[in-house]
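Please read the points below with the sequence and the model side by side. They are meant for someone opening the entry for the first time.

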Amino acid sequence: MSRIARIEAMLASSPADAFLHYSLGMEYASAGDVERAARQFLHVLELDAEYLPAYVEAGKCLRSAGRLAEARDLFARGLHLAESRRDPHLADHIRQQLESVT
């Protein structure tokens with residue numbers, strides 16, 4: 001059974017688990033399916049609007065898919081959240097990502 005299939009099986013019993021959705025998004029991204037990955041990461045943000053890594057990964061996938069305005073928006077929202085949490089390392093990382101699409 002593939003990792004994607006295992007995660008999907010776990011999600012069947014825990015559909016609101018943000019970490020499992022994030023993990024599935026990472027698997028899709030690793031497989032090069034940026035559209036499916038982006039959908040998973042966006043779903044993570046629906047479940048938990050403060051899941052900072054999902055902003056970064058969703059933005060990267062959207063940038064790869066050529067959806068630059070959406071990527072900029074997610075990076076900007078993630079940057080605001082990182083700054084409000086006083087996480088300078090993550091804020092710098094997100095700022096670099098944001099600069100890559102502006």
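1. Histidine 21 touches Leu11, Pro15, Gln40, His43, Val44 and Leu47, leaving aside residues up to four places away in sequence, where contact means heavy atoms within 4.5 Å. Histidine 21 is found in helix α2, and with a relative accessible area of 9% it is buried; here buried means under 20% relative accessible area, exposed over 50%, and partly exposed in between, with a 1.4 Å probe and protein chains only.

2. A word on the basis of these values: this is a predicted model, in which local features need pLDDT of at least 70 and side-chain atom pairs count only at pLDDT 80 or more, while totals for chains, interfaces and linings use all residues. Residues are numbered from 1 along each chain as its sequence is written, and side-chain values use heavy atoms, with hydrogens and water left out.

3. Helix α1 (residues 3–13) and α2 pack at an angle of about 160°, with their axes 10 Å apart, which makes α1 roughly antiparallel to α2 (angles over 145 degrees count as roughly antiparallel, under 35 as roughly parallel, 65 to 115 as roughly perpendicular and the rest as oblique). Helices here are DSSP runs of H or I with at least four residues, numbered from the N terminus. In this packing, Arg3, Ile4, Ile7, Glu8, Met10 and Leu11 in α1 meet Leu20, His21, Ser23, Leu24, Glu27 and Tyr28 in α2.

4. How many aromatic pairs does a search of the whole structure find? The search finds two, a pair being rings of Phe, Tyr and Trp (its six-membered ring) with centres within 6.5 Å, and planes under 30 degrees apart counting as stacked, over 60 as edge-to-face and the rest as tilted. The rings of tyrosine 22 and phenylalanine 41 have centres 5.4 Å apart and planes at 55°, so this pair is tilted; because tyrosine 22 lies in helix α2 and phenylalanine 41 in helix α3, the pair ties together parts that are 19 residues apart in sequence.

5. The rings of tyrosine 22 and tyrosine 51 have their centres 5.3 Å apart and their planes at 35°, so that pair is tilted as well. It links tyrosine 22 in helix α2 with tyrosine 51 in the loop between α3 and α4 (52–64), 29 residues apart. Tyrosine 51 counts as buried at 15% relative accessibility, and tyrosine 22 is buried at 14% relative accessible area.

6. Alanine 31, in the loop between α2 (18–30) and α3 (34–47), is exposed, with a relative accessible area of 60%.

How values were computed. Helix = DSSP H or I, 4+ residues; strand = E, 2+ residues; numbered from the N terminus. Axes fitted to C-alpha atoms, helices over the stretch in contact; angles between N-to-C directions.
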